[in-house]
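This briefing concerns a single protein chain.

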Amino acid sequence: TNAAASTKPTCRRCPPGHYSYQGMPKCIPCYKGEIAPSEGSKQCTKCDTTAGLTTIGTGATVCVCQESMYRANDANRSCVKCRSIGVDCSKPGSTLASLKVDKGFWRADTGTAAMMQCPVPAACVGSGSNNGSTGNGTNSSCAVGHHGPLCAVCDPGYTRFGALSLC
């Protein structure tokens with residue numbers, strides 16, 4: 001007898017982000033814009049594009065906001081259109097907390113969407129920069145020697161020579 005022919009195939013549940021119809025021999029990743037949030041999905045669910053939702057690639061488990069939008073902190077976790085200046089949310093999946101502030105702009109904290117232009121643009125290095133102060137909140141996007149709202153306050157030991165010059 002043929003031992004391989006008499007053994008039954010081993011069934012397994014598809015991982016999240018994948019689906020399989022009954023009897024299919026393999027799991028298939030969901031297409032971009034579709035999700036399968038749990039293990040063992042028989043189909044993928046489309047993200048609501050009218051609400052500004054998509055996925056980051058294939059095989060996704062959650063819908064995220066599309067390019068040029070960010071996830072708000074409101075009760076509905078809605079997608080909000082980004083302002084055209086002061087912020088970069090060019091990639092899908094941006095949230096209010098993860099918004100990248102452009103150089104020359106400042107925001108009070110990661111919970112606010114208000115981006116303000118700095119009176120001394122070089123004092124505001126933007127978010128994600130390693131060139132500025134290492135503090136949290138209002139100081140993390142300021143150039144060395146600056147802190148406070150709009151990075152307009154000189155650190156101890158620094159001074160400003162002219163209203164629009166760096167400290």
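Predicted model: local features only at pLDDT ≥ 70, side-chain atom pairs only at ≥ 80, totals over all residues.

Residues are numbered from 1 along each chain as its sequence is written, and side-chain values use heavy atoms, with hydrogens and water left out.

**Overall make-up**

- The protein chain has 167 residues, of which 34% count as buried. Buried means under 20% relative accessible area, exposed means over 50%, and partly exposed lies in between, with a 1.4 Å probe and protein chains only.
- About 10400 Å² of the protein chain is accessible surface, and carbon and sulfur atoms account for 55% of this area. Accessible areas come from the Shrake-Rupley method with a 1.4 Å probe; for residues, only the protein chains shown count as cover.
- Of the contacts between residues at least 6 apart in sequence, 29% join residues at least 24 apart. Contact means heavy atoms within 4.5 Å.

**Disulfides**

- The structure holds eight disulfides, each defined as a pair of cysteine sulfur atoms within 2.5 Å. A disulfide is a covalent bond between the sulfur atoms of two cysteines.
- One of them joins C14 and C27, with the sulfur atoms 2.1 Å apart. This pair links distant parts of the chain, 13 residues apart: C14 is in the loop between helix 1 (3-6) and strand 1 (18-19), and C27 is in the loop between strand 1 and strand 2 (28-29). The link of C14 and C27 is left-handed, with -95 degrees about the S-S bond. C14 is buried at 5% relative accessibility, and C27 is buried at 18% relative accessible area.
- C30 and C44 form another disulfide, with a sulfur separation of 2.1 Å. Here too the pair links distant parts of the chain, 14 residues apart, with C30 in the loop between strand 2 and strand 3 and C44 in the loop between strand 3 and strand 4 (45-46). The torsion about the S-S bond of C30 and C44 is about -85 degrees, so the disulfide is left-handed. C30 counts as buried at 0% relative accessibility, and C44 counts as buried at 15%.
- C142 is joined to C151 by a disulfide, S to S 2.1 Å, and this link is left-handed, with -85 degrees about the S-S bond. C142 is buried with a relative accessible area of 0%, and C151 is buried with 1%.

**Aromatic pair**

- The structure holds one aromatic pair. Y19 and Y21 form this pair in an edge-to-face arrangement, 5.5 Å centre to centre and with 80 degrees between the planes. Rings of Phe, Tyr and Trp (its six-membered ring) pair if their centres lie within 6.5 Å; planes under 30 degrees apart count as stacked, over 60 as edge-to-face and the rest as tilted.
- Y19 is buried at 11% relative accessibility, whereas Y21 is partly exposed at 49% relative accessible area.

**Individual residues**

- E34 lies in strand 3 (residues 34-35) and is buried, with a relative accessible area of 14%. Leaving aside residues up to four places away in sequence, E34 touches C44, T45, K46, C47, T55 and A60.
- M116 belongs to strand 12 (residues 116-117) and is partly exposed, with a relative accessible area of 40%. Leaving aside residues up to four places away in sequence, M116 touches G104, F105, W106 and L150. M116 and V87 are 29 residues apart in sequence, and their C-alpha atoms are 9.9 Å apart in space.

Terms used: Helix = DSSP H or I, 4+ residues; strand = E, 2+ residues; numbered from the N terminus.
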